[in-house]
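The sequence and the structure are shown first.

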Amino acid sequence: MRPFTYERAKDAVSAARAATKPGAKFLAGGTNLLDLMKIEVETPTHLIDVQDLKLDRIEKTKDGGLRIGAFVTNTALAADERVRRDYGVLSRAIVAGASGQLRNKATTAGNLLQRTRCPYFYDTNMACNKRKPGSGCGAIGGYSRQLAIVGTSSDCIATNPSDMNVAMRVLDAVVETVNPEGRTRAIPIADFHRLPGNTPHIETALQPGELITAVTLPRPVGGTHIYEKVRDRASYAFALVSVAAIVQKDGSGRIAVGGVAHKPWRVEAAEAAMPQGAKAVTARLFADARPTKDNEYKVPLVERTLAAAISQARTA
Amino acid sequence: MKFTEPASTNPIDRMTVVGRPHDRIDGPRKTTGTAPYAYERHAEAPNAAYGWIIGAAIAKGRIRSMNLDDARGAPGVLGIVTAAEAGKLAKGNFNTAKLLGGPEIDHYHQAVAIVVAESFEQARAAAGLVRIDYDRAKGQYDLDEALKGAPLAGGEEGKPGKEDRTGSFESAFDAAPVKLDAEYTTPDHSHAMMEPFASLAIWEGDQLTVWTSNQMIAWGRGDLAKTLGMPKEKVRLISPYVGGGFGGKLFLRADAVMAALGAKAVGRPVKVAMQRPLMANNATHRPATTQRIRIGATKDGAIQAIAHESGSGDQPGGGPETAVNQTKLLYAGPNRLTAMRLAVLNLPEGNAMRAPGEAPGMMALEIAMDEMAEKLGMDPVAFRVKNDTQVDPEKPERRFSQRQLVRCLEEGAQRFGWSQRSAKPAQVRDGRWLVGMGVAAAFRNHMNMKSGARVTLNKDGRVVVETDMTDIGTGSYTIIAQTAAEMMGVPMDAVDVRLGDSDYPVSAGSGGQFGAANATAGVYAACVKLREAVAQRLGFNSADLNFADGRVTGGNRSVALRDAVTSGPLTAEDRIEFGTLDKSYQLSTFGAHFVEVGVDAYTGVTRLRRMLAVCAAGRILNPKAARSQMIGAMTMGVGSALMEELAVDKRFGFFVNHDLAGYEVPVHADIPHQEVIFLEEADDKANPMKAKGVGELGLCGVGAAVANAVYNATGVRIRDYPLTLEKHLDRLPAIA
């Protein structure tokens, strides 16, 4: 871990302003950043602790949705009565991730910014374009069982590891931010996470200093909410694949898939095929997939997991 | 005491303390955090500096240059030791690869430097400033490739070994009406113990004391002295608490060497805990195997021919994973062949992990038995029972000292509800789960090891036991106290047990499931001597004395035990040694594992539903501690069946998933229900305790029982561990 300076921000705009300093990073729950700093995958020179900003409330929005403060913990978000009732997929996705201890510390904004768990990203002896732009990708041609199959590039095949993000994507969440000049903006979740392209180190649409203040959910869409997470062990493991689904009585619905891409993978055009079943949807989801030998199983696995979700919705 | 004849009746047979489920006497200290581990010896070295180990960034090659300038100038840094600074180091007798690399590098994350600083954080930060340039050399990291043309293992002085043959395997196999010829693979496994390697080194002049975490004190002491080129009398190793080892801490490792070198360099005590991300590649591991098994039987299921060949790899000069061991002994059959091939690999050093040999060997053999039973149309329990043998099949004049495999299988079948199993696979459905049951035999040899102890009766009537035996979370403290309490006729709480110090008599140590039986037998031997000294002090002529309730009774005379020490304490030291009973008899432990799994019909994920082990393993010294050993081992078996695999990057030659997020072991949610039953047994050919081991038996066969249950659930056979979903997803029954 490199030496760093530390400050506790008093308000969002001054936090954002402080973060324009080169090498600065926000510190929220710290469950990801601090681990990465210890192994020098992250080497910030300045941390801006945002815990005093008290952006930790969940409130109703005017149009019947919910505004989730950026630093609402994962535990609090998953346990919120309104979330459990109206956005069940989000609650289920969150409790499928990490451990109770981590969810107590991890925040909504932090989870959105959770970095990949690609083992080559974690090992500083290996090339990684995300960790060190231009150094190459150790994972391509290496051990890639858990890595991405779609939306990949010749520079990166990492996945976004979050469960929460998959549910946020299927719910059409919107990320609210404030920048160092105090200007706010709302970024649809679809545009928030990026594909790797030739800049895999740039993972989101956030600009330098821009601070997430809240995530809003549109008014509830009803339907049966399902989060299916597939992993080798029963708990405390990242998804091989996961499927967040909202299925309506008529068989229509939406789905987003985790564990397959650099961002939660949702193809709205594929959802039109929902009534035809999992095979048709999966074919459209992964029309451009380029899996490796290690992870080609993810295509049929998503199809079967989606079939499980559809079947579950039918009997719900 | 030399154990040369089967044990006759002795005070242990009373079983008033031994054989009872006493709570662990170290339990309160462990659960309240007051049992200090090696890294927490604050009282012994309040001024300890902190070491951080740097691991090699390449698997094979040479360090071209090292730039230590920035690191040396970093805040708090006291010193840096590399191979260049360390001077000539020898290699320990038990090490294959050297523990401090440079300039030649033997494997990935081999230690190449220790950075010592005032604080842990400073050492870590400075380590990040060390710049090392390497010349990468070509290495062999692909086991399948390396095994092509690899020699038979076991030969002496570099010559190839040979196959072990009994009868004529090939002709009998050819002639057999029912046969199986199948190949199985097991991956590299990591010990993944909770406490990493950790040591605190303190120099006083030329005397070195190392608080460490090690299973085998005498081995570690000898190899540390040898590595540093000093007499072993000048080295003291102390390891009273060990947070798990599983064979990873059988040997001297880099933490102890680097702490000693660091402490010498900076003139202060230095402590080192190996960073978790280094553990998988710096440490030893259980090597991957490729195994071929052929079995030929008559139509009614009598095995006529059995062959087991295994290939594994290791660093140059290393050894094979002895995965064919159990096949020499487990089942009858007149025509037999076993052989091992050993390839040279430049992956990290392969070595012992819990039940080396049998653990991966049984994973293969017991699937083969299941496949064979199906070919024969026999129940897998009945097939195993039919091929039971009470003698060593290679040397029929040798009987097993005790062998209750058939009872384990039959009792287990009855208790588990085995009769409910569908012989035809893929028949049982519970919601989205395909449900199946599997069985496997459990088998692990028992090993005799010399083991010593010193026992003192103090004036206050307390009994103190000292031995360099270790408690690696197994319950050694408790069973040793039980042994001394039984022998001396005092309550458990009148016994103090001191372990894990090289100043104490050399014991068996902890490994190979030999610790419990041999270490307590050594305490027994010392107690026999102490009883004699007590008898003499008290003026008893008869040797036929009863020590009970704090009194010594002979004939019609009864005296308080404490009367023997009014004039001063009595100390006795002895060790157990062995004659040739283990040559005349085969000493082994047996069991049967039964497993029920569910396989998700959609995703192919397997989840354990319940498991049962029935064991016959000699006298059980403490059923509670033994059960804990069993369920821990069974859990490890589930891990090896379903998830554990060190993933090899064959380009760069390292284990990629080198942390506990990447190398998954079971969590509570994976292990919903376990049951363990021990059959009554006392093995008088083993030792005076009439005990053997269970700590590894509990693992042997579990993986195959899981694999057989998965097959029973799905009808799809997987022969490559771990049984992750992608290995059968495309062959699973169609989703209804």
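## Two interfaces in a predicted model

Two salt bridges are counted between chain A and chain B in this predicted model. One pairing joins the side chains of A:Arg145 and B:Glu726, with N to O at 2.6 Å. Polar contacts between chain A and chain B number 17 residue pairs, both residues at pLDDT 80 or more. On the chain A side, helix 8 (119-122), strand 9 (224-230) and helix 13 (298-315) each contribute at least two residues. Helix 13 of chain A gives the most, with eight residues. By class, this side of chain A comprises 18 nonpolar, nine polar and ten charged residues.

Within chain B, the domain assignment gives domain 1 (2-35 + 448-580) and domain 2 (357-446 + 587-731). Their centres, taken over C-alpha atoms, are separated by 35 Å. The contact draws 33 residues from domain 1 and 27 residues from domain 2. Three salt bridges are found across this domain interface; in a salt bridge of B:Lys690 with B:Asp13, the closest N and O atoms are 2.9 Å apart. Helix 14 of chain B supplies the largest share of the domain 1 side, six residues. That side divides into 14 nonpolar, 16 polar and three charged residues.

| Interface | Buried area | Given by carbon and sulfur atoms |
|---|---|---|
| chain A and chain B | about 2900 Å² | 55% |
| domain 1 of chain B and domain 2 of chain B | about 2200 Å² | 57% |

In domain 1 of chain B, B:Asn448, B:Gln513 and B:Ala517 lose the most area to domain 2 of chain B, together 27% of what that side buries.

Conventions:
Residues numbered from 1 in each chain as written. Chains lettered and ligands numbered in written order. Predicted model: local features only at pLDDT ≥ 70, side-chain atom pairs only at ≥ 80, totals over all residues. Heavy atoms only, no water. Buried area = accessible area lost by both parts, 1.4 Å probe. Salt bridge = Lys/Arg side-chain N within 4 Å of Asp/Glu carboxyl O. Polar contact = N/O pair within 3.5 Å; in protein donor to acceptor, adjacent residues only side chain to side chain. Helix = DSSP H or I, 4+ residues; strand = E, 2+ residues; numbered from the N terminus. Nonpolar A, V, L, I, M, F, W, Y, C, P; charged D, E, K, R; others polar. Domains from an automatic or database assignment. Contact = heavy atoms within 4.5 Å.
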